[in-house]
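Here is a brief report on one structure. It covers a fold, a sheet and an interface.

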Amino acid sequence: MRDTTTTAKQDLIIQALLDASESAEDAKLALQAYIDSASHRSRKRDTRPQGAVLLRTSNLQKKYKRGRQQIEVLKGIDVEIHEGEFVAITGSSGSGKSTLLQLLGGLDKPSGGEVMYGEVSLAKLSDKKLSLFRRQTIGFVFQFFYLQPFLNVSRNLEVANMFARKPRKERTAQINALSTKVGLNDRLDHLPKELSGGQMQRAAIARALMNQPKIILADEPTGNLDSTNSAAIVDLFEAIRDEFGTTIVIVTHDPAIARRADREIVVRDGLVV
Amino acid sequence: MMNPFDVFVLARTKLRSHRTRTGITVAIAGLLFGLIVAVIVVTQGVFTSVDKYSGIGLNDRTLLGVSYFNQTSSFEEYNHLDDPDFVREVEEAYKTDIANKKVVAKKYSVPYDPTISDPSPIGIDPITKSKVITNDGVSSSLVQTIAQKKRDELEKKFSISDYIKPYSSATLRYMQLVQPGDGALSYMKNGQENQSVSGNRFNESMAGVGSGATLTILDGSVSKPFISSDSFDPSKGEVPVIIPVATAEKLLGLSPLSKNVSPQERRERLQFVRARVSDITASFCYRNQTSRFLLGQAVAQQDELKRVGGTKDYVKPSLFYAAPSNEDCSGVVVQSDTRSPEEKKAAANQVLFEKEIGTWLGEPVQHKVTVRGVGVSGDYDTASSNLSIGSFVGGLLNSTLGYGTWSVPKDLFDQLPAASKPDEIFSKDQTGGPFAIRYAVGGYLVEFGDKAEARALLERTGAYTGSFGDVSAYQFGSGTLFVDEARSWVEKGLFWLLVIVGSIAVIILAGIIGRTVADSRRESAVFRAIGATRTDIAHIYGVYALLLSIRVVVFSMVLGIAIGLGADLILSDSATLGAQLAYAAVDTNIRFHLFSIASWYLLVIVGVIILAGLIASVVPIILGARRNPITDMREEG
């Protein structure tokens with residue numbers, strides 16, 4: 001998939017990253033992030049054919065224990081998420097679609113099978129590396145926004161950069177750019193409780209973008225919004241994908257949103273249909 | 001690692017967002033810790049101030065007064081009056097005595113009727129029909145003498161040097177109660193002898209200068225701190241004395257201060273008295289029994305002359321005495337002697353008779369003793385006034401040579417010419433007279449190099465439990481042993497206060513911090529979702545707890561120190577005066593503060609608060625770290 005010149009460049013970068021990173025594993029993740037973001041930035045929307053495979057699951061399983069009962073939520077899922085795709089995961093309630101999204105983002109550990117990010121199996125990463133993966137590669141957007149109630153919009157955005165140890169100057173530029181992008185540059189000093197649902201979700205999307213992730217994983221991002229706001233949010237996702245080449249994976253109930261996706265993965269009873 | 005500044009920003013923002021909870025935590029925990037801090041700074045202040053005074057007066061000396069009183073007399077338990085052997089011994093001695101007296105009376109042609117002068121002390125018990133000592137006989141000198149002999153045989157003599165032998169650091173210091181065995185020392189109020197006084201000799205003696213007054217010759221090094229005048233001149237023949245403040249005031253003609261006067265006035269009075277102490281002189285008249293008897297006779301004769309002289313009933317005694325001037329304590333003089341040569345001869349024979357049978361009281365002896373003030377000693381009136389904190393401090397620091405005691409510094413006393421310190425009054429052999437036989441009159445003064453030994457002796461005598469045996473002991477001159485004891489109790493008390501109130505405060509503080517951190521599961525889950533490591537989370541909440549703890553520390557320190565400073569501001573003046581009054585002998589300008597932050601406990605408190613906060617936050621962080629962020633987000637969502 002990679003040509004020879006990039007391989008030579010990669011070696012240099014690997015060395016540089018090795019010097020800075022704690023392990024070769026980190027370096028690999030960092031490198032992957034670099035390559036992907038570099039290639040994304042240069043891309044225009046390319047509907048078909050699909051780009052390289054970013055995330056792949058094979059025979060992914062997840063079981064929960066509820067009391068004595070064991071619930072099998074995912075029964076062996078095989079999906080691939082490609083670079084620059086806008087994928088909708090749909091399915092009825094309890095079908096396992098949100099669980100799939102969380103496993104893709106390394107927020108949860110599978111009971112069986114694996115999630116591969118490039119050549120790396122997420123299950124094999126330490127907690128620290130998993131944190132690194134989430135902060136560098138993934139941007140999460142939740143149905144209930146989950147902005148930190150005690151931080152104003154600006155800090156809610158900045159906090160993602162804090163964990164990524166980004167220099168202060170870059171953070172300010174990023175906050176300004178992204179808050180403008182999501183139309184909240186006049187709400188930076190507001191606390192989440194002072195925002196509307198749509199504004200909160202836009203702030204959450206801006207936060208997800210702060211570390212320039214390759215993939216945005218959105219769990220029913222419009223589930224708590226009216227149709228106008230929902231449409232606006234989907235527009236925003238599309239715009240992000242178009243501008244940054246970010247891969248968007250949305251879990252949704254809404255057939256209208258699913259229709260706007262490049263591809264729809266339907267999950268039913270823990271399996272892809 | 002996250003940038004420490006970012007950690008701080010997030011922790012501080014979180015702290016500020018929970019204003020009510022933070023406020024309540026800081027207020028409750030801070031109040032409890034603040035009170036502990038206040039108690040610590042005040043008690044530490046008091047003890048630091050006490051230490052500052054430790055070199056003054058007798059506070060750096062450990063002296064015990066030790067007295068002996070044979071309470072469990074084996075002789076008294078033995079009922080000698082009913083003992084046939086004792087009765088027989090008395091009977092025989094009586095017979096011999098009477099026979100001897102009859103012989104001597106005959107020799108000097110002195111009329112002697114034993115039934116009048118020496119009735120038999122032996123009688124018959126109406127019930128048992130056996131010989132017993134009669135009620136009158138018990139007090140006869142014959143029975144007393146034989147009883148004393150028995151007592152001496154039966155009872156072990158108390159030896160102070162044996163008693164203190166187990167204490168290697170103990171040294172006996174000179175202390176002698178001046179109490180003539182024969183006759184009495186009477187105070188010459190306004191320089192005049194009260195010649196008409198009759199009755200109990202104790203009431204006429206030192207009591208004249210103040211209730212409970214005694215004259216004691218005291219070791220020079222012990223009395224030295226109380227000497228404020230260096231004008232003592234031994235050649236004047238005046239006995240140097242350290243006078244209780246209240247008595248000194250009286251002798252200087254000052255009326256006692258009212259209870260309501262300000263501490264300042266009290267202090268000024270004290271300084272005045274101290275400055276004027278060398279102006280104080282007082283005179284005492286010593287008369288032995290014969291001199292007193294003759295004086296009594298002279299006064300009675302003069303009284304009779306005044307009352308009925310010139311009437312037909314009045315018959316002037318053939319031997320007529322003139323009372324001496326009441327200012328010079330001299331002997332009685334014969335004003336007229338119209339006795340016939342036979343009468344004179346009979347009187348001379350009577351003396352020879354009494355001398356031979358041992359009942360003669362001796363020639364009259366009288367001495368005038370003048371004392372001169374060289375210093376003052378605190379007494380009950382100065383130590384306890386209406387200033388409550390002052391009395392407390394006064395009680396802590398009180399340094400005195402004993403309430404009511406007039407102390408004569410031994411080293412100065414020794415410099416006096418012999419004529420100024422007649423043996424009849426000052427000789428140690430005279431001390432206590434007949435009382436010295438059963439009581440160690442005035443007791444002994446023992447100095448200890450090792451306080452622990454002094455405590456051991458006090459414990460041995462039962463001083464701590466209040467159940468004294470034959471030997472009793474008390475701390476002399478100062479209350480340092482008490483202060484040490486009090487300090488150790490206060491320190492124990494402080495420790496438990498710290499443990500109990502501290503635990504309550506820690507539970508409150510830790511409970512609230514722990515709850516806050518545990519309540520923040522969704523917050524940390526969201527942080528985790530956007531890339532925070534567990535360490536990042538631990539740092540944020542750890543610093544949050546630290547900041548909250550620091551607020552509690554600051555609040556409690558500010559509160560405690562403010563209370564301490566307030567107490568110092570309000571009470572320091574009175575306390576300082578209390579201390580100055582306690583050291584009546586020494587004019588000290590050391591301030592008595594009730595505030596000091598030089599205590600390890602304060603560091604302990606800071607440590608406890610911060611540790612409590614950190615532990616309270618770390619536990620939920622560790623427990624939360626294993627949780628699935630997704631579950632946490634859902635739970636609270």
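## Pairing in the sheet

Two strands count as paired if DSSP finds at least two bridges between them. The model is predicted. In chain A, Val141(A) has Ala218(A), in β8(A), as its bridge partner. The strands involved are β7(A) and β8(A), residues 215–219, which run parallel and are joined by four bridges.

Strands of a sheet pair through backbone hydrogen bonds, either parallel or antiparallel. Here the pairing is mixed. The sheet is open and has six strands of chain A, in the order β7-β8-β9-β4-β10-β11. Which strands sit at the edges? They are β7 (138–141) and β11 (271–272) of chain A, and each pairs on one side only.

## Chain A overall

Chain A contains nine helices and eleven strands. Of its 273 residues, 46% are buried.

## Where chain B meets chain A

The contact involves 21 residues of chain B and 23 residues of chain A. Four helices of chain B each supply at least two residues to the side that touches chain A: α1 (4–17), α21 (521–529), α22 (534–582) and α24 (629–636). Which helix gives the most? It is α1(B), with five residues.

What is the make-up of this side of chain B by class? Nine residues are nonpolar, seven are polar and five are charged.

Terms used
Residues numbered from 1 in each chain as written. Chains lettered and ligands numbered in written order. Predicted model: local features only at pLDDT ≥ 70, side-chain atom pairs only at ≥ 80, totals over all residues. Contact = placed C-beta atoms within 7 Å. Nonpolar A, V, L, I, M, F, W, Y, C, P; charged D, E, K, R; others polar. Buried ≥ 20, exposed ≤ 12 C-beta atoms within 10 Å, placed from the backbone.
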